[in-house]
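Please look over the sequence and the 3D structure shown here before reading on. The report then goes through the fold piece by piece.

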Amino acid sequence: MQQNQTVFFSVKDATKSFPGVLALNHVSLDVKSGSVLALVGENGAGKSTLMKILSGVYQMETGEIFIDGEKVNISSPLASQHLGISIIYQELNSLLNMNIAENVFIGRETRKKGLIDKELMHEKTKILLQKVGLDIDTWTRVGTLSTAQKQMVEVAKALSFNARLIIMDEPTSSLTDTETHTLFKIIRNLKEHGVAIIFITHRLKEIFEIADDVAVMRDGEMVITLQASQTNENEIISNMVGRDIKNIFAKETADIMDVLLEVKNLSTKNFLHDINFHVRKGEILGFAGLVGAGRSEVMRAVFGIDKRETGEIYINGQMVKINNTVDAIRHGMGFVPEDRKEQALILNMNITQNISLAALEDFRRYGFIDQKKEKKEAVKYIKSLQIKTPSEEQIVGNLSGGNQQKVVIGKWMEIKPNILILDEPTRGIDVKTKKEIYMLMSKLAQQGVAIIMISSELPEILGMSDRIVVMHEGTIKGELLRNEASQENIMKLAMLN
Amino acid sequence: MSATSLEIKSTAINFWGKIKKSSSISLIFILSAMFILMYIVSPPFRSISNLLSVTKLFVPIAISGIGVCMVIITGGIDLSLGSVYGLAGVITTLILTKTNTNAFFSVLLGVGAAALFGLFNGVMIVKVNLPPFIATLASMSIARGLCYVITQGYPITGIESQGFLFIGQGAIAGIPAAVWCMVVVAIVFSIFLNKTVTGRRIYAVGGNEEATRISGVNTGRIKLLVYTLCSALAGFAGIITASKLGIGQPTSGTGFELDAIAAVAIGGASLAGGAGTVSGTIMGAAIIGILRNALVLLSVNAYWQQLIIGFVILIAVAADQISKRRK
């Protein structure tokens, strides 16, 4: 097997940045033909950016790509395909209302005298399907296929481009064990035909089943490439997280008191199950896990935004009925959502109007809005949260991300919550504002507020939480106290089955 | 001074202030330009009676416009308002002529019936989750059908109630009663939208429904309210017209929703939701009113009138969109 595998594809020194973020920092990668390279890293490590460069969606700022020793320029997705690179996205790109042959040959249908030569198209498709071991009529509408089958169709499509390198982005996340097994059989088959595969995954077990090499990325850099047969889970995780945590966290101790919120037996249709947790007055409870683990879903269910299948919520020991957000707010809960533009702010309204939105009842006077009081509160928050704005009448859509986030926090502080849930509170925000938000969280905790913080940034979770709950694919995998938590053991709970 | 009269005063001042700011400037400009142009070009335009008939023409557009403006602010649409306009007129005149009910209660029942129809629209949209366009397209037919069923196709005549006829034909202090109706509706709803908690929530639902829902506002209830109010106002407008004409016509209001929606769009509302004002709607209605009147006075062929009005609406809305995009 080793003899087939020579490096035919190389990325050298790729750099790519976006406003405020260096996504790839001099990344190099070698891919051998007929081999499987697993690409791992936390969310935000740069895997997806790197793959988008290989598939022509993004352009590198510096760096070179070589195929068979010759420098190439991947200028567009089409160019990438012509160079023999195919990518199969996690969300798949199937045309659901068309049949298999139409999906495979979309945009390059076989022609005969100007009309589509359907016979030839289906013949060719049949051969491709045989290669991937999919025994289905080529006239079948793709919308009726299972996810696994849709994936095989995409692999068949990749093969029709004579792909030499197939990139698969988390291909097993929606597959059953049996389907995964089948996929791996196909991958091994492809390997034997000299095709190289880059396999992005969070499931370490799979790496040892199928990969030859493992490349680990972290914070936009390629940390190390290991041979799968010569490494283990611990070493991989160590490399994924090993970073110096600079102490930018302003966490001050707060008195942690009685349990304020308790959630028992929460589940939702088809996803969350057996969710149990509690949070105390003055405590900051961190919710860690990979993206898609279900953390936001838990909080949305607790706050009444989404329906839950089962589950009881207790506040101060009493069971409460929370069927919608009005109930949740009435019971003293606040929720700073993940996506401030879609879920928290009314961008065409000004700061004052956004801040009063969840607490309008407090400004009600005979049905009218007490606009003087409203203005006073807005000015108060602008000062205490240090929101940078010419006035309280500034339209929120014109503020920077950090200041917008402060407006959202101000809005939820206005209802004087006893329980405050924050979902990725410092995402996309500059360092200075992050610090200010951490200080605010500490202050609130000191005042006795129970705080739940969902975060994908391990340093943040470790820096701010008194206790950490780790989720994995819809369930809670474990709980760690502040003094026993580390990046490694959080990651282990988040990733391993 | 009580809280409410202070509010009224400050609203009146704000009204003028808002007219001065924003895209209303261009509206006033257009309105004035049209007015001056017509004054110069067409002698019949200058007469008081013509001016009065112009205002009577745009009163129903303005009143229905204010109603559908609220729906549009929440990001919805109501295509049934022309049919409800006719239905309310028919119901009111029927009650007036066939029973002993006096004018006041007949009008109340007519508006009530319209409001109920609006509630029906709201339920279809909020509870059954139908897209507003489809739901009100269907109810447009239902309401119009009801008009014919109730009247069997014949207009309702023989209205003797002076109280009723005063609404559309009388005047107070020289100004038509219908215009007073419009002024009252405008002031009430301007205050409602700009100063009350519910008014703020209406704008919030339109600005970002999901964020508003997460912020603890019962967005379903807000939507039910605006559809109910929209139909109620459309019904009221239809009753004013029935009073003006002195009969209840089952065909009354056919195609009217276009004028009302156009008035709102010209007035600066975004059909995507989140923006729209009472003052803008009234100016939009005035522009349409003067335009229709101008085309008649200039003896423009009736077929061409339709074409021209369509173009004017297109240009007005496009100009507004372009100016918004530049901001």
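## Overall build

The structure is a predicted model. Chain A contains 17 helices and 24 strands. Along the principal axes, its C-alpha atoms fill a box of roughly 75 × 50 × 45 Å. A compact globule of 497 residues would have a radius of gyration near 23 Å, and the 26 Å of chain A agrees with that.

Of the 497 residues in chain A, 46% count as buried. Among contacts in chain A with a separation of 6 or more, 68% are between residues 24 or more positions apart.

## Two domains

The domain assignment divides chain A into domain 1, made of 2–94 + 145–241, and domain 2, made of 259–495. Domain 1 is therefore written as two stretches of sequence, whereas domain 2 is written as one. The C-alpha centres of the two domains of chain A lie 36 Å apart.

Seven residues from domain 1 and nine residues from domain 2 of chain A take part in the contact. On the domain 1 side, helix H8 (residues 233–241) of chain A provides the largest share, four residues. By class, that side has four nonpolar, three polar and no charged residues.

## The six-stranded sheet

Six strands of chain A form an open sheet in the order E6-E9-E10-E3-E11-E12, with mixed pairing. Its edge strands are E6 (85–88) and E12 of chain A, and each pairs on one side only. From one strand to the next, the twist averages 20°.

Both senses of pairing can be followed at strand E11 (residues 213–218) of chain A. Strand E3 (residues 36–40) of chain A pairs with E11(A) in the parallel sense over four bridges, and Ala38(A) stands opposite Val214(A) in E11(A). By contrast, E11(A) and strand E12 (residues 221–227) of chain A run antiparallel and are joined by six bridges. Met217(A) has Met222(A) in E12(A) as its bridge partner. The hairpin of E11(A) and E12(A) has two residues between the strands, and Asp219(A) takes a positive phi near 50° there.

## A helix across the sheet

Helix H1 of chain A lies across E3, E6, strand E9 (165–169), strand E10 (196–200) and E11 of chain A. H1(A) runs at about 145° to E9(A). Leu54(A) is found in this helix, which covers residues 47–54.

Why does Leu54(A) count as buried? Leu54(A) has 23 other C-beta atoms within 10 Å, and a residue is buried if 20 or more lie within that distance. Not counting residues up to four places away in sequence, Leu54(A) touches Ile74(A), Ser80(A), Ile85(A) and Ile167(A). Leu54(A) and Gln81(A) are 27 residues apart in sequence, while their C-alpha atoms are 9.9 Å apart in space.

## The four-stranded sheet

A further open sheet has four strands of chain A in the order E14-E13-E16-E17, with antiparallel pairing. Strand E14 (275–280) and strand E17 (318–320) of chain A are the edge strands, each pairing on one side only. Neighbouring strands here are turned by 20° against each other on average, direction ignored.

Five bridges join strand E13 (residues 259–267) of chain A to E14(A). In this pair, Val259(A) stands opposite Arg280(A). Helix H9 (residues 295–302) of chain A lies across E13, E14 and strand E16 (310–315) of chain A, and runs at about 110° to E13(A).

## The helix H17

Which residues of helix H17 (residues 487–495) of chain A are buried? They are Gln487(A), Ile490(A), Met491(A), Leu493(A), Ala494(A) and Met495(A). An α-helix has 3.6 residues a turn, so residues three or four places apart point the same way.

The cover over the buried residues of H17(A) includes helix H7 (204–210), H8 and helix H16 (458–464) of chain A. Strands E15 (284–289), E23 (467–472) and E24 (475–481) of chain A are also included.

## Contact with chain B

Chain A gives 24 residues to its contact with chain B, and chain B gives 19 residues. On the chain A side, the elements that give two or more residues are helix H10 (325–330), helix H11 (340–343), strand E19 (364–365) and strand E20 (368–369) of chain A. H10(A) gives the most, with three residues. The residues on this side of chain A divide into 16 nonpolar, five polar and three charged.

Key:
Residues numbered from 1 in each chain as written. Chains lettered and ligands numbered in written order. Predicted model: local features only at pLDDT ≥ 70, side-chain atom pairs only at ≥ 80, totals over all residues. Pairing = 2+ DSSP bridges. Axes fitted to C-alpha atoms, helices over the stretch in contact; angles between N-to-C directions. Contact = placed C-beta atoms within 7 Å. Nonpolar A, V, L, I, M, F, W, Y, C, P; charged D, E, K, R; others polar. Rg over C-alpha atoms; globule rule 2.2 N^0.38 Å. Buried ≥ 20, exposed ≤ 12 C-beta atoms within 10 Å, placed from the backbone.
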